[in-house]
Amino acid sequence: MQKTLVRLTAALIASTMLVGAANAETIRWARASDALTLDPHSQNQGVTHTFAHHIYETLLDRDSDGNLQPRLATEWFVKDGDPTVWVFKLREGVKFHNGADFTAEDVVFSFNRARSDGSNLKQLHAEVADVTAIDDHTVEVQMIGPSPLYPNNITNTFVMDKDWSEEHKLQDVQDFAAGESNYAVLNTNGTGPYVLKSREVDVQSVLTAFEGHWADAPAVTEIVYLPITDAATRVAALLSGDVDLVQDVPVQDIERLRNSAGFKIETGPENRFIYFGYRFGEEPLKSSNITDSNPINNSLVREAMELALDRDAIKQIVMRGNSIPTGIPNPPFVNGWTAELDAYPAPDLEKAKALLAEAGYPDGFSITLDTPNNRYVNDEAISTALVGMLGQIGVKVTLASRPVAEHSPLVINNQSDFYLLGWGVPTFDSAYVFNDLVHTKTDKHGTYNGGLYSNPELDEKIIALGTETDLDARNASIAEIWEVVKADRVLLPIHNQVLSYAMRDGMTLPVHPEDQPRLTTVTFE
Amino acid sequence: MLAFVVRRLLQSVIVMLVVAFIAFLVFRYVGDPVTSMLGQDSTIADHEALRERLGLNQPFYIQFYHFVTNALQGQFGISYRLQQPVGKLIMERLPATIELALASATIALVGGVILGIYTALRPRAFSSGVIMTASLIGVSLPTFLIGIGLIYVFAVELKVLPSFGRGTVTDLGWWRTGLLTESGLRSLILPAITLSLFQLTLIMRLVRAEMLEVLRTDYIRFARARGLSTRAINFGHALRNTMVPVITITGLQLGSVIAFAIITETVFQWPGVGSLFVNSVQVVDVPVMAAYLVFVALVFVVINLFVDILYFIVDPRLRDGVRSGK
């Protein structure tokens, strides 16, 4: 009898504690860097967007499977009889943190701000001609031409309160050159699930659940956001119990954390592929011993390089199993991906050597490979592995490793013969890859086409994708373009990155394909 | 005296200009801020437009001229990364660095002097040998290893001290201090020890060598002969004469502690100017990097200036040299 009583009491205490825990749950969340700014239209950067998604909201959102979901807009469709207009029906009863009502005017204001000159989001709204409020809860976006995929572009365009913004002179996005900061860099007023309670840049930000939010109350009621730059310190902070959740987990620590009692790891594919780019064109390479021609311009050489590449070895040894080898520079979530395109050849050194000889380089050639060393997961190690693999067929690679801040200008300014780069596809559509990596380099396209690949026929098809409204025809065109890109080996894809979030036992946070986890999706056991 | 100070001041200004110039020159090769600022959705046209707006297309000497004239008015521009005035960012971060530097300098000074005296007075003792060997190991391990090791032992395994950060801070209005709260003090322990180890070894070895030297001198022997107590000889005579060079070194080293707390601050995520600098380098935040380097140069120049003036006052031979034009 007494035993039962003790058990009962214990159970009762335990259950009340659980209730207490569910009522007020604080998550201390550490990742490598802080949001750059709180001004939602000033930077187009994942870490900044992730933070902003907790305070501000977008019309549409991406869930952890990569699908579009309603958020501030409940419906969206192309206007009847006018394929150049997108209509968004807005959610009713939404409030800003300061109590103001959310209306169509706020959307118009925010979209105009997001596509203004000082905004880093303007590229995503390049096809927009005008944004108008039809009534309090309907917004129409007039496009320059038919833009069937525009809703994909707005999942990081946050809505600000028009009156609040005007009150604090925030009509324009902050202008760096003018040397002035603006109010929105440190202050917020969104409709999002959390309210900013305090912010100390690079140190700590505290968010608390917004009582007036339209959705169900989240399980996490308070977020303490802690940027910790050093990877070892970040993992140690989790192990010591100083934080509950760690993003940007180094791959060498994943197994260890998985095997430690009290912690768990969630992994999932990221919408980001890692690839090698190289120089096209007749002009000799800058870094090669072959001075009268460009070996890479010969398709046999590109085929030989792919056959020398052992993607599975890179996965197993360099990435410790945490990557998804791929034969196409396009992650599986993205429209246009097929299993067939994703297939890649098994390494075949004999055939590779034969191809090199056939191409006229029986003794191989030398080339410099530029790689970043602080941007992607094990970026430098992947390049080092490739050096060895190409060495086996006689291609002598010199590795030049740099921080990404020095590396990306080389690619953008076409100064590299051979380089590693990673690419995410925020629109979840192949056109995004084609525009920047495949299209001939111009003022507006091919920004990261550092190898200067140029195929006018493809260029035409790529441009046509932008205004094609017949989705079947459009997808057929995408398939055709991929066919050429793969056959031509425009890029040499290695793998898609895998994301890992480490957390204490008892909580679950699904991995988000864009690495933008929402703490509203955290559940407790 | 006045002429000397004026001349030293003039030299300091030249040093500052040279540092600023070198800093500026170096920053042309650390990467392109525009790429990190615009992200992957940008076009070449956007890059050009931003470059133009930031004045990065102007010739080097014009940019340098603008930097110097603005710096003279206390304007270091806006951080590209955080979009806030650089001067404000540095001033916000400075208290954390200064508290860390002072704490570690105190540990280094107290620990170094005590251990130095101990090993000098018992040069042949086994314990002295252990201390000397341990100090050699301590000084040859890289700072980040020591830091990570301390974190592992005291935060992860023993769970007695926090693994990162500054704990709870109290805002005094003009100074944000972590010294007034328990969590703040606990957070200070590991980084302060990490940062102090090198200086501690240095001071310890200096004290030991000086003390051994002094103990061999005639006046100590005469003191012994006069029958003074060992205690009075060691602490009243020997130590006092040992401390002069130690104080000089400590003063000079304080500057380098402030300037080179970078690694310790990174390992412990200590929110000081050092970690601000590291974060800025990653994205080529030129205004912050330039301002930080100038700030560090200023710390060194000011400390050196003070030391020189102090020497001038203390040592009459210098004054004679000035007068005779040597």
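**Reading aromatic rings in a predicted model**

Modeller: In this predicted model, the charged end of Arg62(A) is placed over the ring of Phe428(A), at 3.7 Å from its centre.

Biologist: Which ring does the charged end of Arg91(A) sit over?

Modeller: The charged end of Arg91(A) sits over the ring of Trp214(A), and here the distance from the ring centre is 3.7 Å.

Biologist: How many aromatic pairs does the structure hold over all chains, and how should I read one of them?

Modeller: Over all chains there are 26 aromatic pairs. To read a pair, one looks at the distance between the ring centres and at the angle between the planes, where planes over 60 degrees apart count as edge-to-face and planes under 30 degrees apart as stacked. Take Tyr278(A) and Phe280(A), whose ring centres are 5.8 Å apart and whose planes stand at 70°, so this pair is edge-to-face.

Biologist: Is the pair of Tyr278(A) and Phe418(A) stacked or edge-to-face?

Modeller: The ring centres of Tyr278(A) and Phe418(A) are 6.2 Å apart, but their planes are at 25°, and therefore the pair is stacked.

Biologist: Which parts of chain A does the pair of Tyr278(A) and Phe418(A) tie together?

Modeller: Tyr278(A) belongs to strand S12 (residues 263-278) of chain A, while Phe418(A) belongs to strand S16 (residues 418-424) of chain A, so the pair ties together parts that lie 140 residues apart in sequence.

Biologist: Are Tyr278(A) and Phe418(A) buried or exposed?

Modeller: Here the idea is to look at the relative accessible area, and a residue under 20% counts as buried. Tyr278(A) has 1% relative accessibility and therefore counts as buried, Phe280(A) counts as buried at 9%, and Phe418(A) is buried too.

Biologist: Which residues of chain B form one aromatic cluster?

Modeller: One aromatic cluster is formed by Phe21(B), Phe24(B), Phe60(B), Phe64(B), Phe67(B) and Phe76(B).

Biologist: Coming back to chain A as a whole, how many helices and strands does its secondary structure come to, and why is chain A said to be as compact as a globular protein of its length?

Modeller: Chain A has 16 helices and 19 strands. Its radius of gyration is 25 Å, which is close to the 24 Å that the globule rule gives for 525 residues, so chain A is as compact as a globular protein of that length. Along the principal axes, the C-alpha atoms of chain A fill a box of roughly 85 × 70 × 45 Å, and 55% of the 525 residues of chain A count as buried.

Technical notes. Residues are numbered from 1 along each chain as its sequence is written. Chains are lettered from A and ligands numbered from 1 in the order in which they are written. This is a predicted model: local features need pLDDT of at least 70, side-chain atom pairs count only at pLDDT 80 or more; totals for chains, interfaces and linings use all residues. Side-chain values use heavy atoms; hydrogens and water are left out. Rings of Phe, Tyr and Trp (its six-membered ring) pair if their centres lie within 6.5 Å; planes under 30 degrees apart count as stacked, over 60 as edge-to-face and the rest as tilted. Buried means under 20% relative accessible area, exposed over 50%, partly exposed in between (1.4 Å probe, protein chains only). Helices (H or I, at least four residues) and strands (E, at least two) are DSSP runs, numbered from the N terminus. A charge sits over a ring if NZ of Lys or CZ of Arg is within 6 Å of the ring centre and within 35 degrees of the ring normal. The radius of gyration is taken over C-alpha atoms; the globule rule is 2.2 Å times the number of residues to the power 0.38.
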